[in-house]
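Biologist: Before we discuss labels, please put the model up. I would like each label set against the rule behind it.

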Amino acid sequence: MKRDHEQHMFQQTHIPHQWWYSPLMGYPITLLLAAGAFLIGWFESRLGLSHVFLTPPFVIVTLLAGGIWGIGPALLALGIEVLALDYWVVPPLGNITFFLWPNILSYGQFLIIQLVALWVVIRQKRYRDQLFLANQAISRHVEELQEINWQLERASDARDRFVTQASHELRTPLTGVRGLAQLTLRRLLREPPLPTNYSFLPTNLEKIETQTQRLHTLVDDLLSINYLHTGNVPLRRKECDLMHLCRDVISYFEPMTDQEIELKKCSDQTVIQADEDRLSQVLYNLIRNALQYSPPHTTVRVEVYSNEREALLGVHNDGSFIAPEHQEHLFEPFYRDPNIWNSAITGWGLGLTISKYLVEQQKGRIWVESSEHQGTTFWIALPSGSSGGQGKETME
């Protein structure tokens, strides 16, 4: 493919440069054109037309030679033109007297005008050649970028296939390991107290169960990102009551945390058209993050706003300040605030990436606001739309 690409670029480079465009061909072709102009003057003298059309053909030949072949052939044409004028127009006729000093002065204005016109034509030719070379370079870079883009697409497709296959292959053994750890742990808890030599087993089994759960969550997140990236996740839009959705997600976390989760309704209209399952997944990620990164015994606040244009969901916590230079990277895959890496808080940095995909897939936007004194709030904005009929669903 690279060889075909280079051959195509070679052909593209040499198409405009035909054999007659070569500077070496300019001199003989200029002589032929000058001979044609000479014949026009000769026919004029034979017809007794007083050299009406003598000068224009030679001027055209000069400018044409300069525009196509450059300064050398153009000066050759100009010299032939001066000699022809000296032979037919400037007395004494029929003799070459140009090289005498008074005759040279008589051609001054004519030569200056010709040279200025020739200078303009040469500069135009130079700009045209530079533009041609620039277009060549642009075309070459465009094709190189297209080739790189094609290779990147192939690499991206291969990566997506690998992630999907690897994730599916990992889920089965992880599920088995976790199930065996849970089953063994439950049986040990029903048995009499273990001997001292085996007292470590329940603790180690709990650790195994916890770590396999983390790996299982990572695999699920990788699959989710891959599906969202390839656009294979359909949307099922229907009427979605944001307050009802928030209550359901909050009720899931309440038995698992000692922190208070407060729900605040700031608008009367909270029904929008959205994919409720996907939106629940986003809210789950945001509340989980808020609980992880907020100090103990603080309140996580969920707020719901709505107007005619859009609906807003906010999840606030009193956690540490996120610097502006880190805020724009929070939604990138596997990114975590550098201050978190050295902490005991676990995570893979995929929840916010998945949330961003899911929100943008529903024509919404997600961002973060953080300050040292007011904590951190993640916001979701979704189009309000019309509520439509009850139970109406749309597939995308």
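Modeller: Buried means under 20% relative accessible area, exposed means over 50%, and partly exposed is what lies in between. The model is predicted.

Biologist: Why is Tyr 252 called partly exposed?

Modeller: Tyr 252 has 45% relative accessibility. That value lies between the cut-offs of 20% and 50%, so Tyr 252 counts as partly exposed.

Biologist: What makes Phe 253 buried or exposed?

Modeller: The relative accessibility of Phe 253 is 5%. Buried requires a value under 20%, therefore Phe 253 counts as buried.

Biologist: How many aromatic pairs are there?

Modeller: The count comes to 5 aromatic pairs. In one of them, the ring centres of Tyr 252 and Phe 253 are 5.3 Å apart, with the planes at 90 degrees. The centres must lie within 6.5 Å for a pair, and planes over 60 degrees apart count as edge-to-face, so Tyr 252 and Phe 253 are an edge-to-face pair.

Biologist: What makes the pair of Tyr 305 and Trp 379 tilted?

Modeller: Tyr 305 and Trp 379 are 5.9 Å apart, centre to centre, with 50 degrees between the planes. Stacked needs under 30 degrees and edge-to-face over 60, and the rest is tilted; the angle of 50 degrees makes this pair tilted.

Biologist: Why do you say that this pair ties together parts that are apart in sequence?

Modeller: Tyr 305 belongs to strand E4 (residues 299-306), whereas Trp 379 belongs to strand E7 (residues 375-383). The parts are 74 residues apart in sequence, so the pair ties them together across that separation.

Biologist: How do you know whether Tyr 305 and Trp 379 are buried or partly exposed?

Modeller: Tyr 305 has a relative accessible area of 28% and is partly exposed. Trp 379, at 12%, counts as buried, because the cut-off for buried is under 20%.

Biologist: Which residues form an aromatic cluster?

Modeller: Tyr 252, Phe 253 and Tyr 284 form one aromatic cluster.

Biologist: Where does Asp 248 lie, and why is it called partly exposed?

Modeller: Asp 248 is in helix H8 (residues 242-253). The relative accessible area of Asp 248 is 39%, between 20% and 50%, so Asp 248 is partly exposed. From Asp 248 to Ser 280 the C-alpha distance is 8.5 Å, and the two are 32 residues apart in sequence.

Biologist: What about the protein chain overall?

Modeller: The protein chain has 12 helices and 8 strands. Of its 396 residues, 36% count as buried.

Methods
Residues are numbered from 1 along each chain as its sequence is written. This is a predicted model: local features need pLDDT of at least 70, side-chain atom pairs count only at pLDDT 80 or more; totals for chains, interfaces and linings use all residues. Side-chain values use heavy atoms; hydrogens and water are left out. Helices (H or I, at least four residues) and strands (E, at least two) are DSSP runs, numbered from the N terminus. Buried means under 20% relative accessible area, exposed over 50%, partly exposed in between (1.4 Å probe, protein chains only). Rings of Phe, Tyr and Trp (its six-membered ring) pair if their centres lie within 6.5 Å; planes under 30 degrees apart count as stacked, over 60 as edge-to-face and the rest as tilted.
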